Amino acid sequence: MKKCKENMTPGEWVTSLTELASLTRLCRKSVKKCLDRLENDCFLQMKELDGYELIVLMNYEQLVEIKRNETYVPDVPRS
């Protein structure tokens with residue numbers, strides 16, 4: 001993992017190159033190349049986690065607080 005500025009606030013995502021390739025409709029090689037370029041420019045940091053990638057977005061600020069309701073039940077269409 002490349003060392004960037006210390007005072008950045010991270011946002012994290014655990015995913016795989018295969019999942020990113022599927023989401024972006026690119027091949028895994030292209031995804032890896034793009035992620036490496038973003039890491040070199042300190043936009044993100046990557047760490048391998050047993051077949052997955054931990055992607056840490058640098059200088060990330062969450063604008064909306066996300067709260068999960070433990071008792072949430074999705075609406076079911078009635079027929």
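What share of the protein's contacts with a separation of 6 or more comes from residues 24 or more positions apart? It's 52%, where a contact means heavy atoms within 4.5 Å. Before going on, a word on what you're looking at: this is a predicted model, in which local features need pLDDT of at least 70 and side-chain atom pairs count only at pLDDT 80 or more, while totals for chains, interfaces and linings use all residues. Residues are numbered from 1 along each chain as its sequence is written, and side-chain values use heavy atoms, with hydrogens and water left out.

Let's start with the layout. The protein has two helices and three strands, and from the N terminus on they run β-α-α-β-β. Helices (H or I, at least four residues) and strands (E, at least two) are DSSP runs, numbered from the N terminus.

Now for the inside. Of the 79 residues in the protein, 24% are buried; buried means under 20% relative accessible area, exposed means over 50%, and partly exposed is in between (1.4 Å probe, protein chains only). The largest nonpolar core has eight residues: Leu17, Leu20, Ala21, Val31, Leu35, Leu44, Met46 and Ile55. Such a core is a set of buried Ala, Val, Leu, Ile, Met, Phe, Trp, Tyr and Cys residues joined through side-chain atoms within 4.5 Å. At least two residues of this core come from each of α1 (17-24), α2 (28-40) and β2 (44-49), with α1 giving the largest share, three residues.

Leaving aside residues up to four places away in sequence, Ile55 touches Gly11, Glu12, Trp13, Thr15, Leu20, Leu35, Leu44, Gln45 and Met46. Met46 sits in strand β2 and counts as buried because its relative accessibility is 7%. Its C-alpha atom is 8.9 Å from that of Leu57, 11 residues apart along the chain.

What about the cysteines? The whole structure has zero disulfides, a disulfide being a pair of cysteine sulfur atoms within 2.5 Å. The sulfur of Cys27 has its closest cysteine sulfur in Cys34, 9.1 Å away, so the two are too far for a bond. Cys27 is partly exposed at 43% relative accessibility, and Cys34 is partly exposed at 36%.

The protein exposes about 7100 Å², with carbon and sulfur atoms supplying 52% of it; accessible areas come from the Shrake-Rupley method with a 1.4 Å probe, and for residues only the protein chains shown count as cover. Tyr52 lies in strand β3 (residues 52-57) and is partly exposed, with a relative accessible area of 46%.
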